[in-house]
Amino acid sequence: MRHLGPDPIAVVGLAGRFPGADNVDEFWANLLAGRESISRLDASALIRDGVPAAELDSGEYVPARGLCDGIDCFDEALFGMTAREAELTDPQHRVALECAWATLESAGHAPANFAGAIGVFAGAGHNYYRDHNLTAHPDVLEAMGPLAVQVASEKDHLATRIAYRLGLRGPAVTIQTACSTSLSAVHLAIQSLRARDCDLALAGGVSIQLPQHSGYLYTPDDILSPDGHCRALSEDARGTVPGNGVGLVALRRFNDALQDRDRVFAVIRGSAMNNDGPAKAGYTAPSRRGQSEVIDRAYRLADVSPRTVGYVEAHGTGTQVGDAIEIEALIDAYRSYTADSAFCGIGSVKTNIGHLDAASGVVGLIKTVLALHNETIPATLHGDRPARPLADGSSPFFLQNRTKPWPRTARQPRRAAVSSFGVGGTNVHVVLEETPATVRPRVADHPDVVLLSAHDEASLDRLTEATAALAKAQVGETALADIAYTSRSGRSELGYRRAAVCRTTEELPAALMASTARKATSGDVAFLFPGQGSQRPAMGAGLYQRFPSFRRSIDECTDAVRDLIDVDLGAVLRGRQDDAGRQALRPTEIAQPALLAVEYATARLLMDFGVTPAVLLGHSIGEYAASCIAGAMTVQDAMVLVTARGRLMATTEPGAMLLLFTNEDDALRLLPDSVELAAVNAPEMVVAAGRQAEIRDLEARARSRGVDTRVLPVDRAFHSALMDPIADEFLMEAEKIDYEPLRLPVISNVSGGLLPVGSVLSGEYWLAQLRSTVAFADGLFTARKLGTMSFIEAGPGHALTTLVRQTLREDQLLALPALPTPDRPESHVSSALSALAGLWTAGTTVDWSPLEVGPRWRTELPPYPFVRRRHWLAPLDRATDPAQPVAQLASQQCLTSPEAPLTAAPGASDTARLEELVAAIWRDLLGVETIDVDESFFTLGGQSLLAVRMLARVRSTLRAEVELADFLSTPTVRGIARTVVAQA
């Protein structure tokens, strides 16, 4: 790979909202179309919005602005904010929060999954919302308190609010350098990355001027355009046009991005920042020297010559003086390197969208990054008459007034640069280079799992449809492995979930649309281990091939009994799925150790995926696997014991076992004295064991009484008196083991009750287990009483998951087989991944790293579909809302209780009224319509600062002293009411 200079920085994510574009894709489409996205505002709407008719008729009013749609709306629930908090918060902070979320998604890095520190460097424009909107509601300001209003309003809290709401732990720095704010943020983010203060940085800015649907009064020789068009870098330049928007980029050290297989849009070779100082016409004036010096320094730090740069995105405001000085400064810097002319295009995005103030620099950067990434330079508008130095061939520059292809060449990497200059003299210049070409090896198709989650079910449905559509469009272009990898590592895990398992991108749309949406509620999982009769040829063979940990576990088990069994157990487990394979597994002395090996390996694989069982329950031979996983004995000891158990059982008198579909009491009335109850599997399903002739007689008797039956595929009467002849020898084998205390709880087959952590098993226990009725149904009830909501069958088949549904009969329970079943002819890997995916949708934490093998790259996925609700305190002196020209003024309720304060100390009979008064205060402060008297203040979105304000109002309204400690012990409406009554 070519040299990229000292410590290059990768641009790995982009997001923004711009005039005429709700996202980066729409923004780029507008640029390619040569579309001017500055809105011309209707005079009648302006009058409705409060613009005086005299101003409109003056001839100097310009009804133009770059509008950012939806600034009055915000997905407060996603970010854990109350409606009232959202209503107070500067809209600039709100759109920046959503943009930060989108930028991290574009980068393919979810904060919870990112191994390093994520920093935030951002700035905002002036808070017009506070000036125009909040001050019109003194009741709101008084009720919320000055500190809450300050936190919601001040620029200082922009970066730290993003860090807090998104869970970021790197530096969070709010930066203000006027028009160059957002590119200054980029420069400082680069420095932070190089200093190792963070490992990923968000950088950019936001500016929303209010009232948004308003133009401006033109003043000759001022910075604003007389006709609402920005003609930057043109002989016709007369001024700029204001615009609203937000933009952020995600940056990483290039080598880290390459190692993590990030999607790199462009590489930043270097950047520089300085200030003009006093050597200029005035504080607001630009400085040719200051700009030239920062440009020169950026190239020196980038270790490239300006002669190799093919495009410069200028600050380009469209003012005569500003543009002229900027062009002169660029020429000065370039001429110290080269005498060549007209080799570098120059342009300005402000001709498309206006001047976005604090966000303008990062928007220019985003445009330039996209030009490198998409190999096209968009045209600068209104450029028919370029400024003279750009038209006469005397300078290194020409005005890029036509869209042109900018393809890669083998001769030299394409390079570009971006300038941003702020009022007050802070100048920034950034030098970029195309991403080095990389070869992405094709990954073989394997079953994989794609995860989707959202804050609510409707958003999840929208996200599912969008992902299915994207996958359909990317068939043949994007590997399923990349989509799956990005969905797991690059998206936050939210409360409503779906997961799809498939082999190819082509299969993904159908798999997604067929997937089940679940609300993640409980992470507690029970591992279930089936007994003899569930064995199948080649059970787990696919897992053996795919997962090294499963292979190690199987080999560990088979090695332990290599000298104890006449056949190669490993070969049997990997054998063919035919009659010969089934016959090889039929003997008890083979079936039991084979089952233990597969169940142990399956459970260990699930645990390698981060799933730790809350409780373990096996059925007969399955209890040995449960005990191994719980740490009662080593798997080697268990394999030796189970092999001995199977060998001894094979010496007993042949017998049979009969499944009876009836309850335990009715079954006992059917059984002759010589037949025993071997297992109670479910309330209406029991197993009888005895001699073969006796079982045939029982079958006939049961059917004559209308009881359905099924003969089990075994040739011995397990858990019956026919096992008594081997009891002494089995006990001797079982007592050879040094048992350890349980490290996980196990549910006993003998009692159906819990063997808690710390319990120590014994040979006597296993002897009792050999003879006793398997109390499996009781075991399931015990697991449910422990709060278990999810059950996974860690072994072949689905017998036990079926018993879960038949026994517990609760729709919200999840019961999943980890290995294929006869009616699910899918691969072993697909089955295991489907089980893990099901657990994840139910709320279990899953570590997907065992899937991250081979080359996987972060790729494009649909952005999160925000559910934006209106949160807007409108100026009361306007007929309509300035955020939207035709929106009606939202009625604003004063923050006072609906009932008068109590006039005397409350008594016990006042509890209901007390609760209503407290609930009214909560509704006002939290901005919610209904309050459950037993719901926590903090789960409703309250925080400590708001709690202080709430308690102050409670004390005033209820005439009672409710201390903070009392409230924190029971932070509910009912808790406060009871505290007040107790004081009375």
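**View 1. Leu233 in the loop between S9 and S10.** Leu233 is found in the loop that runs between S9 and S10, and in this predicted model its phi is near 65°, a positive value in a residue other than glycine. Most residues other than glycine have a negative phi, and most peptide bonds are trans.

**View 2. The cis peptide bond between Leu210 and Pro211.** Leu210 and Pro211 are joined by a cis peptide bond, for which omega is about -5°. Pro211 belongs to the loop between strand S8 (200-207) and S9.

**View 3. The salt bridge of Arg385 with Asp236.** Arg385 and Asp236 form a salt bridge in which the closest N and O atoms are 2.7 Å apart. The pair links distant parts of the chain, 149 residues apart, with Arg385 in the loop between strand S14 (376-377) and helix H16 (388-391) and Asp236 in the loop between strand S9 (216-217) and strand S10 (245-253). A search of the whole structure finds 49 salt bridges.

**View 4. A patch of negative charge on the surface.** Asp22, Asp25, Glu26, Asp69 and Glu860 gather on the surface, where they make up a patch of negative charge. One of these residues, Asp69, is placed in the loop between strand S4 (64-65) and strand S5 (73-74).

**View 5. Residues 878-900 and the confidence of the model.** For the protein the mean pLDDT is 91, with 95% of the residues reaching 70 or more. Over residues 878-900, however, the pLDDT is below 50, although this stretch has 64 contacts in the model beyond near neighbours in sequence. Where pLDDT is low, the predicted coordinates should not be read in detail.

Technical notes. Residues are numbered from 1 along each chain as its sequence is written. This is a predicted model: local features need pLDDT of at least 70, side-chain atom pairs count only at pLDDT 80 or more; totals for chains, interfaces and linings use all residues. Side-chain values use heavy atoms; hydrogens and water are left out. Patches are made of residues with over 30% relative accessible area and no salt bridge: like charges are joined within 9 Å, nonpolar side chains (Val, Leu, Ile, Met, Phe, Trp, Tyr) within 5 Å. Accessible areas come from the Shrake-Rupley method with a 1.4 Å probe; for residues, only the protein chains shown count as cover. A salt bridge is a side-chain nitrogen of Lys or Arg within 4 Å of a carboxyl oxygen of Asp or Glu. Lys and Arg count as positive and Asp and Glu as negative; His and the chain ends are not counted. The place of a charge is taken as NZ of Lys, CZ of Arg, CG of Asp or CD of Glu. Helices (H or I, at least four residues) and strands (E, at least two) are DSSP runs, numbered from the N terminus. pLDDT is the predictor's confidence in each residue, from 0 to 100. Contact means heavy atoms within 4.5 Å.
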